[in-house]
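Me: Could you walk me through this fold, starting with how to read a sheet?

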Amino acid sequence: MTAATTLRLHLIDTSVMARLRHPPVQRVVAGLIADRAAASCVTLDLEAGYSGRNLAEVQNITQSRRTRFTNLSINESIADRAREVQTLMARKGQQRAAGAMDLLTAAVAEFHGAVVLHYDEDFEHIAKVTKQPQAWVVPRGTVS
């Protein structure tokens, strides 16, 4: 990432967070956090909290995300956009190319003008319809 790109908020998908053990991914995420350009939203926070094994871990995950990420709010306009995008994808026979959480996450990013940072081809499928900015955290296929 360049300094010019990190100034824009990046909504960091759970597909990125699941790959933090890889140094190239760590560097990108750490840079975004340091630049205060890392963002989250309720869909991603809930997915992250799901990985907690007990109350203490869920609380720790929640607190950590609140301090490191800018929260992007969700509203009914965002939900309507996710529904609209699903319908647009269905017109092309691609209604199953992106799940509900990814559609909502992408709609949050689009509403707030953020880049979706991911390691998940679903966001490419969505962006073909929405034309919104999205980026692979590292090139596809370079980490597991």
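Predicted model: local features only at pLDDT ≥ 70, side-chain atom pairs only at ≥ 80, totals over all residues.

Me: In which sense do β4 and β5 pair?

Reply: In general, strands of a sheet pair through backbone hydrogen bonds, either parallel or antiparallel. Here β4 (residues 115–118) runs parallel to β5, over three bridges. Strands are DSSP runs (E, at least two residues), as are helices (H or I, at least four), numbered from the N terminus; pairing takes at least two bridges.

Me: What is the strand order?

Reply: The five strands form an open sheet, β3-β2-β1-β4-β5, with parallel pairing. β3 (70–71) and β5 (134–136) each have a single partner strand, so one side of each lacks a neighbour in the sheet. Helix α3 (residues 23–34) packs on this sheet, touching β1 (10–12), β2 (38–40) and β4 (contact: heavy atoms within 4.5 Å).

Me: At roughly what angle do α4 and α5 cross?

Reply: The axes of α4 (residues 42–50) and α5 (residues 55–68) cross at roughly 145 degrees, coming within 8 Å (lines fitted to C-alpha atoms over the stretch in contact; angles run from 0 to 180 degrees between N-to-C directions). Leu-44, Asp-45, Ala-48 and Gly-49 of α4 meet Val-58, Ile-61 and Arg-65 of α5.

How values were computed. Residues numbered from 1 in each chain as written. Heavy atoms only, no water.
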